[in-house]
Structures are given as C-alpha cells and as structure tokens.
Amino acid sequence: MLLDLLASTDIAADLIERTSSTERVQEIVRLSLAPAFLLAGIGAIMNVMMGRLIWVAGRIERLEKRIGESSSTDDKNELVLLQRRRRLAQRAVMFSTAAALTICVVITLLFVSALIQPQIGTAIAFAWITTMAFLVTGLVLFLAETMVAAGGQSAAKDQNEGS
C-alpha cells in the first residue's frame, strides 16, 4: 500500500534524489558524530551516577535494618543524609537520561532533514538546547550529591574524632 503510494507519486523519486548523493549522506553522518560522541559521554557519566546510586541504596537498606534493631542517633543522621543523596542521584540520572533521549532526537532529526523538504534547523537547535539543559541539570545535581557525600564524610570524621 505504502509502496504503491510512493510509486504513484514523485515522493519516492524525490527521496532517492535527496539521499543518493554520497556527499550529502557523508555530511549528515559527519554532523551526527558530535551528538553521537556526546551520547557516549552521557552514558559514561550515567554509569558513574548509577554506581553511586546503587551504593547509596544498598547502604540505606543496611542502615534501615540496623535502625530496626537499635535506635542509634548516628545511624538515623546518616540515614537522613543518605536519603538526600539518593534523591539527588536519582534526579541526576533522570535528567541525564532525558539528555540521552533528546540527543537521540537530534541525531534522528539530522537524518530526517535529508529526507524532507521543509527546513527543520529550528527543531534541531531546540532539541540540542534541550539536551544541554537536561545534561547541565543532571551534572549540577550530581555535583550536589558529591558535595553532600563529601560533607557527610567530613561530619562523620569529626564525630568520630570527638568521641
């Protein structure tokens, strides 16, 4: 059905004409390399974020079991700190995932732009800006999580030295 529609109109010929140029396809691939490398970088950052999130979640589970058995003030304080870290890390992962998704949209739009006549540069630019906003937000949240972690470790060290 779709092939019949394409064959009966000049759409198929137009699509083939726009994408048959090796230079044009090479240009689109070249343009999509930067977003693809960014996607790889986001994946690497998310791997680190997930490692920290998994560690924090495991520590929270162990502390909750220990608090159920006894009611140590230090454990409760650490639990509050860890819950804050978990929220920050979860949000960082969510925003980084959104950045990865929107960078995939950028790559898709770059290839679609070769197939359609209307110029979609504005849509590509908007998707790129959205990607950057999500990525920066995710990185700021990850920075906040690491700062909370560093602050919590120094507070625990101070408490241990004071004991």
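The legends below describe close-up views of a predicted model.

Residues are numbered from 1 along each chain as its sequence is written. In this predicted model, local features need pLDDT of at least 70, side-chain atom pairs count only at pLDDT 80 or more, totals for chains, interfaces and linings use all residues, and side-chain values use heavy atoms, with hydrogens and water left out.

**View 1. The chain and its helices.** The chain has five helices and zero strands; helices (H or I, at least four residues) and strands (E, at least two) are DSSP runs, numbered from the N terminus. The average pLDDT, the predictor's confidence in each residue from 0 to 100, is 85 for the chain, and 80% of the residues score at least 70. Of the 163 residues, 28% count as buried (buried is under 20% relative accessible area, exposed over 50%, partly exposed in between; 1.4 Å probe, protein chains only).

**View 2. The salt-bridge network of R52, R85 and E145.** A salt bridge is a side-chain nitrogen of Lys or Arg within 4 Å of a carboxyl oxygen of Asp or Glu. R52 pairs with E145, with the closest N and O atoms 2.7 Å apart. This pair links helix α3 to helix α5 (residues 121-162) across 93 residues. E145 also forms a salt bridge with R85, again with 2.7 Å between the closest N and O atoms. That pair joins α5 to α4, 60 residues apart. E145 and R85 are both buried, whereas R52 is partly exposed, at 25% relative accessible area.

**View 3. The salt bridge between D75 and R66.** The N to O distance is 3.2 Å. D75 counts as buried because its relative accessibility is 8%; R66, at 34%, counts as partly exposed.

**View 4. The kink in helix α3.** A kink of about 35° lies at L33, shortly before the proline P35. The bend at a residue is the angle between axes fitted to the seven residues ending there and the seven starting there.

**View 5. A nonpolar surface patch.** V25, V29, L33, F37 and F111 make a patch of about 430 Å². Patch residues have over 30% relative accessible area and no salt bridge; like charges are joined within 9 Å, nonpolar side chains (Val, Leu, Ile, Met, Phe, Trp, Tyr) within 5 Å. Accessible areas come from the Shrake-Rupley method with a 1.4 Å probe; for residues, only the protein chains shown count as cover. Helix α3 supplies the largest share, four residues.
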